[in-house]
Amino acid sequence: MPTFVSDLPQASRRGLLAGGAALGLSSLIPSIASARATTASASISGDDTMSYVTTSDGVQIYYKDWGPKDAQPIVFHHGWPLSSDDWDSQMMYFVLKGFRVVAHDRRGHGRSSQVSEGHDMDHYAADAAAVANHLDLRNAVHIGHSTGGGEVVRYVVKHGAGRVAKAVLVSSVPPLMLKTAANPEGTPIEVFDGFRASLAANRAEFYKAVASGPFYGFNRPGATQMPAVVDNWWRQGMTGGAKAHYDGIKAFSETDFTEELKVMNVPTFVIQGDDDQIVPYKDASVKTAALLPNGTLKIYPGFPHGMLTTHGDVINPDLLAFIQS
């Protein structure tokens with residue numbers, strides 16, 4: 001079982017558990033609604049400076065689309081509570097290899113609409129489908145990190161027929177994070193309740209503590225500190241909406257993907273570090289790979305949850321090898 005709040009510095013734990021008043025963060029959240037066109041079905045926004053699709057329920061989803069439009073697309077699905085910016089290292093690596101790279105900000109995250117409702121895996125996958133359908137992405141490789149891995153599973157099974165070539169699940173939440181009678185090795189609900197309480201009380205301090213501690217393994221003795229990485233994680237988190245992030249905790253912790261994994265028959269690369277303090281690898285990647293009809297598992301000794309950033313020099317070539325295999 002992972003350690004969350006208890007892994008954080010004492011001063012941060014006091015701030016997370018104190019239940020103080022929420023910060024006024026409106027000055028940190030960009031207003032993009034006025035720049036967007038409203039449509040009833042998925043379509044590109046009328047704003048020529050940024051790319052959006054509008055979902056069937058009227059949510060504006062921001063996306064990036066780089067590289068040759070006739071190249072094989074790689075689609076990236078980010079983790080909680082981040083944005084497509086978390087994939088900068090991978091997107092630059094693959095676009096320079098000649099691929100078309102696409103990533104979007106999940107609803108309520110990054111530059112997408114900060115709507116009140118719809119923060120669940122069904123909507124997450126449908127929003128990803130709105131982007132893929134709008135760009136007509138086919139023969140695509142879908143790569144998801146953490147919560148994004150769950151999004152990939154739901155997208156591939158519900159929306160990906162005829163469009164998906166392969167998938168990659170990186171430090172991902174499937175099959176099920178929550179401890180239940182059927183999943184006794186899972187994480188107790190009290191841990192996720194602590195996440196919710198900390199977010200509601202002081203989101204800014206909570207995000208700083210997670211990024212500077214267990215997410216990248218910076219709390220480990222002798223770990224090389226990367227302050228700019230912590231700042232970038234915090235920036236991405238604070239750009240999104242608190243309500244979306246609060247509801248998203250339930251989505252990533254309580255969604256059971258077991259039956260979907262059994263029928264997800266595209267070749268799937270499942271990778272994780274064995275020092276992941278956020279998602280326990282034995283209850284996640286090991287179980288996921290065993291359920292997949294066509295899964296390949298690789299565990300990286302000593303790598304943290306955020307290994308795509310801290311160890312991109314190792315992970316990126318492995319992703320390329322899988323895609324080209």
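Two residues are in contact when they have heavy atoms within 4.5 Å. With that in mind, welcome to this protein, a predicted model in which local features need pLDDT of at least 70 and side-chain atom pairs count only at pLDDT 80 or more, while totals for chains, interfaces and linings use all residues. Residues are numbered from 1 along each chain as its sequence is written, and side-chain values use heavy atoms, with hydrogens and water left out.

**The whole protein**
- Of the contacts with a separation of 6 or more, 75% join residues 24 or more positions apart.
- The protein has 11 helices and 8 strands; these are DSSP runs numbered from the N terminus, with helices being H or I of at least four residues and strands E of at least two.
- Among the 325 residues, 57% are buried (under 20% relative accessible area, with exposed meaning over 50% and partly exposed in between, using a 1.4 Å probe and protein chains only).

**Helix 3 and helix 4**
- Helix 3 (residues 121-135) and helix 4 (residues 147-159) have axes that come within 8 Å and cross at roughly 70 degrees; axes are lines fitted to C-alpha atoms, for helices over the stretch in contact, and angles run from 0 to 180 degrees between N-to-C directions.
- The two helices are therefore roughly perpendicular (65 to 115 degrees; under 35 is roughly parallel, over 145 roughly antiparallel and the rest oblique).
- Residues on the helix 3 side of the contact include M121, Y124 and A128, while G150, R154 and Y155 are among those from helix 4.
- This contact divides into 8 nonpolar, 3 polar and 4 charged residues; Ala, Val, Leu, Ile, Met, Phe, Trp, Tyr, Cys and Pro count as nonpolar, Asp, Glu, Lys and Arg as charged, and the others, Gly among them, as polar.

**Helix 5 and helix 7**
- Helix 5 (residues 189-212) packs with helix 7 at an angle of about 155 degrees, and their axes are 10 Å apart.
- That makes helix 5 roughly antiparallel to helix 7.

**A look at F257**
- F257 lies in the loop between helix 7 (242-254) and helix 8 (258-263).
- F257 is buried, with a relative accessible area of 0%.
- Leaving aside neighbours within four places in sequence, F257 touches M121, G150, V153, R154, V173, P174 and P175.
- L176 is 81 residues away along the chain, yet the C-alpha atoms of F257 and L176 are separated by 6.4 Å.
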